[in-house]
Amino acid sequence: MPIVTVTRRLRFNAAHRVHNPALSDAENARLFGKCNNPNWHGHNYTLDVSVRGPVDERTGYVIDLGVLRGIVEREVLDHTDHRNFNLDVPYMRDINPTTENIIVAMWRVLAPAIAPATLQRLRLWETENNYVDYSGE
Ligand code: NI
(Lines give C-alpha, C1' and ligand atoms only; values in the text may rest on other atoms or scores of the structure.)
Protein backbone atom coordinates (compact mmCIF):
# COMPACT_ATOMS: atom_id res chain seq x y z
CA MET A 1 0.00 0.00 0.00
CA PRO A 2 1.46 3.41 -0.90
CA ILE A 3 2.61 5.61 1.98
CA VAL A 4 1.99 9.31 1.38
CA THR A 5 2.69 12.48 3.36
CA VAL A 6 -0.03 15.16 3.30
CA THR A 7 0.32 18.69 4.68
CA ARG A 8 -2.19 21.22 5.93
CA ARG A 9 -1.09 24.87 6.24
CA LEU A 10 -2.58 27.07 8.95
CA ARG A 11 -1.86 30.66 9.86
CA PHE A 12 -2.03 32.51 13.15
CA ASN A 13 -0.80 35.69 14.79
CA ALA A 14 0.76 35.89 18.24
CA ALA A 15 2.90 38.11 20.40
CA HIS A 16 5.97 37.11 22.33
CA ARG A 17 9.10 38.25 24.11
CA VAL A 18 12.14 36.03 23.83
CA HIS A 19 14.03 36.52 27.10
CA ASN A 20 16.24 34.38 29.32
CA PRO A 21 16.11 35.72 32.88
CA ALA A 22 19.43 34.00 33.66
CA LEU A 23 21.18 36.43 31.30
CA SER A 24 21.76 40.18 31.64
CA ASP A 25 19.48 42.65 29.88
CA ALA A 26 22.36 43.55 27.56
CA GLU A 27 23.02 39.91 26.68
CA ASN A 28 19.30 39.30 26.08
CA ALA A 29 19.14 42.32 23.78
CA ARG A 30 22.26 41.17 21.90
CA LEU A 31 21.04 37.58 21.50
CA PHE A 32 17.38 38.13 20.73
CA GLY A 33 17.23 41.60 19.13
CA LYS A 34 13.70 42.73 18.28
CA CYS A 35 12.26 39.59 19.81
CA ASN A 36 13.52 40.79 23.23
CA ASN A 37 11.42 43.97 23.11
CA PRO A 38 10.16 44.43 26.72
CA ASN A 39 6.61 45.33 25.64
CA TRP A 40 6.22 42.37 23.28
CA HIS A 41 5.84 42.33 19.54
CA GLY A 42 3.99 40.12 17.10
CA HIS A 43 4.60 37.72 14.26
CA ASN A 44 2.37 36.37 11.50
CA TYR A 45 3.16 32.68 11.85
CA THR A 46 2.53 29.90 9.37
CA LEU A 47 2.31 26.29 10.58
CA ASP A 48 2.60 23.36 8.17
CA VAL A 49 1.33 20.11 9.68
CA SER A 50 2.39 16.94 7.84
CA VAL A 51 0.81 13.54 8.41
CA ARG A 52 2.19 10.34 6.89
CA GLY A 53 0.40 7.08 6.33
CA PRO A 54 -1.22 4.61 3.98
CA VAL A 55 -3.80 5.82 1.47
CA ASP A 56 -7.17 4.53 2.66
CA GLU A 57 -8.71 2.35 -0.06
CA ARG A 58 -12.23 3.59 0.53
CA THR A 59 -11.58 7.36 0.75
CA GLY A 60 -8.33 7.74 -1.17
CA TYR A 61 -7.09 9.86 1.76
CA VAL A 62 -4.26 9.53 4.26
CA ILE A 63 -6.35 11.75 6.56
CA ASP A 64 -9.21 14.10 5.80
CA LEU A 65 -7.46 17.50 5.75
CA GLY A 66 -10.58 19.18 7.11
CA VAL A 67 -10.50 16.85 10.10
CA LEU A 68 -6.77 17.54 10.53
CA ARG A 69 -7.41 21.29 10.43
CA GLY A 70 -10.09 20.90 13.11
CA ILE A 71 -7.71 19.02 15.41
CA VAL A 72 -4.95 21.62 15.02
CA GLU A 73 -7.38 24.48 15.63
CA ARG A 74 -8.91 22.87 18.69
CA GLU A 75 -5.69 21.65 20.29
CA VAL A 76 -3.29 24.49 19.44
CA LEU A 77 -4.55 27.50 17.50
CA ASP A 78 -7.63 28.27 19.59
CA HIS A 79 -5.22 28.75 22.53
CA THR A 80 -2.65 30.68 20.49
CA ASP A 81 -4.13 32.89 17.76
CA HIS A 82 -4.11 36.57 18.78
CA ARG A 83 -2.60 35.63 22.16
CA ASN A 84 0.70 36.27 23.90
CA PHE A 85 2.99 33.22 24.06
CA ASN A 86 4.54 34.38 27.34
CA LEU A 87 1.28 35.09 29.15
CA ASP A 88 -1.69 33.32 27.57
CA VAL A 89 -0.71 30.02 26.00
CA PRO A 90 -1.08 27.05 28.37
CA TYR A 91 1.34 24.68 26.58
CA MET A 92 4.08 27.38 26.63
CA ARG A 93 4.07 28.01 30.38
CA ASP A 94 7.64 28.78 31.59
CA ILE A 95 9.07 28.16 28.10
CA ASN A 96 11.10 30.87 26.33
CA PRO A 97 9.11 31.36 23.08
CA THR A 98 11.74 30.97 20.41
CA THR A 99 10.41 29.33 17.25
CA GLU A 100 12.36 26.18 18.19
CA ASN A 101 10.74 25.97 21.63
CA ILE A 102 7.27 26.73 20.25
CA ILE A 103 7.42 23.95 17.66
CA VAL A 104 8.52 21.34 20.23
CA ALA A 105 5.70 22.37 22.57
CA MET A 106 3.18 22.21 19.73
CA TRP A 107 4.41 18.73 18.80
CA ARG A 108 3.83 17.47 22.33
CA VAL A 109 0.21 18.60 22.10
CA LEU A 110 -0.48 17.57 18.51
CA ALA A 111 1.19 14.17 18.16
CA PRO A 112 -1.14 12.40 20.64
CA ALA A 113 -4.17 14.35 19.36
CA ILE A 114 -3.56 13.23 15.78
CA ALA A 115 -2.95 9.57 16.70
CA PRO A 116 -3.56 6.95 15.41
CA ALA A 117 -2.46 8.94 12.35
CA THR A 118 1.28 9.64 12.36
CA LEU A 119 2.48 13.21 12.72
CA GLN A 120 5.46 13.28 10.37
CA ARG A 121 6.71 16.84 10.61
CA LEU A 122 5.80 20.32 11.82
CA ARG A 123 7.22 23.34 10.01
CA LEU A 124 6.74 26.69 11.75
CA TRP A 125 7.45 29.91 9.90
CA GLU A 126 8.10 32.94 12.09
CA THR A 127 8.78 35.18 9.09
CA GLU A 128 8.74 34.46 5.38
CA ASN A 129 12.51 33.97 5.60
CA ASN A 130 12.82 31.94 8.82
CA TYR A 131 11.30 28.56 9.61
CA VAL A 132 12.06 25.59 11.82
CA ASP A 133 11.25 21.90 11.31
CA TYR A 134 10.60 19.30 13.97
CA SER A 135 9.90 15.58 13.62
CA GLY A 136 9.66 14.55 17.24
CA GLU A 137 13.22 13.48 18.08
NI1 NI B 1 9.88 37.90 17.68
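Thr 99 is found in helix α3, where helices (H or I, at least four residues) and strands (E, at least two) are DSSP runs numbered from the N terminus. The model is a predicted one, in which local features need pLDDT of at least 70 and side-chain atom pairs count only at pLDDT 80 or more, whereas totals for chains, interfaces and linings use all residues. Residues are numbered from 1 along each chain as its sequence is written, and side-chain values use heavy atoms, with hydrogens and water left out.

Thr 99 counts as buried because its relative accessibility is 8%; buried means under 20% relative accessible area, exposed over 50%, and partly exposed in between (1.4 Å probe, protein chains only). With residues up to four places away in sequence not counted, Thr 99 touches Leu 124, Glu 126 and Val 132, a contact being heavy atoms within 4.5 Å. The side chains of Thr 99 and Glu 126 also make a polar contact at 3.1 Å. A polar contact is a pair of N or O atoms within 3.5 Å; within protein, one must be able to donate a hydrogen and the other to accept it, and residues adjacent in sequence count only if both atoms are side-chain atoms.

Thr 98 is placed in the loop between β3 (83-84) and α3 (99-114). Thr 98 has a relative accessibility of 16% and therefore counts as buried. A polar atom of the Thr 98 side chain lies 3.1 Å from the backbone nitrogen of Asn 101.

In helix α2 (residues 65-75), the residues Leu 68, Ile 71 and Val 72 are buried. They lie on the same side of α2, because they cover an arc of only 95 degrees around the axis, the arc being that of the directions from the helix axis to the C-beta atoms. The cover over the buried residues of α2 includes β1 (3-16), β2 (41-54) and α3. At the N-terminal end, α2 is capped by Asp 64, a side-chain oxygen of which lies 2.8 Å from the backbone nitrogen of Gly 66.

For the chain as a whole, the secondary structure comprises three helices and five strands, arranged from the N terminus in the order β-α-β-α-β-α-β-β. The C-alpha trace spans about 60 × 25 × 25 Å along its principal axes. Of the 137 residues in the chain, 39% count as buried. Among contacts with a separation of 6 or more, 67% are accounted for by residues 24 or more positions apart.
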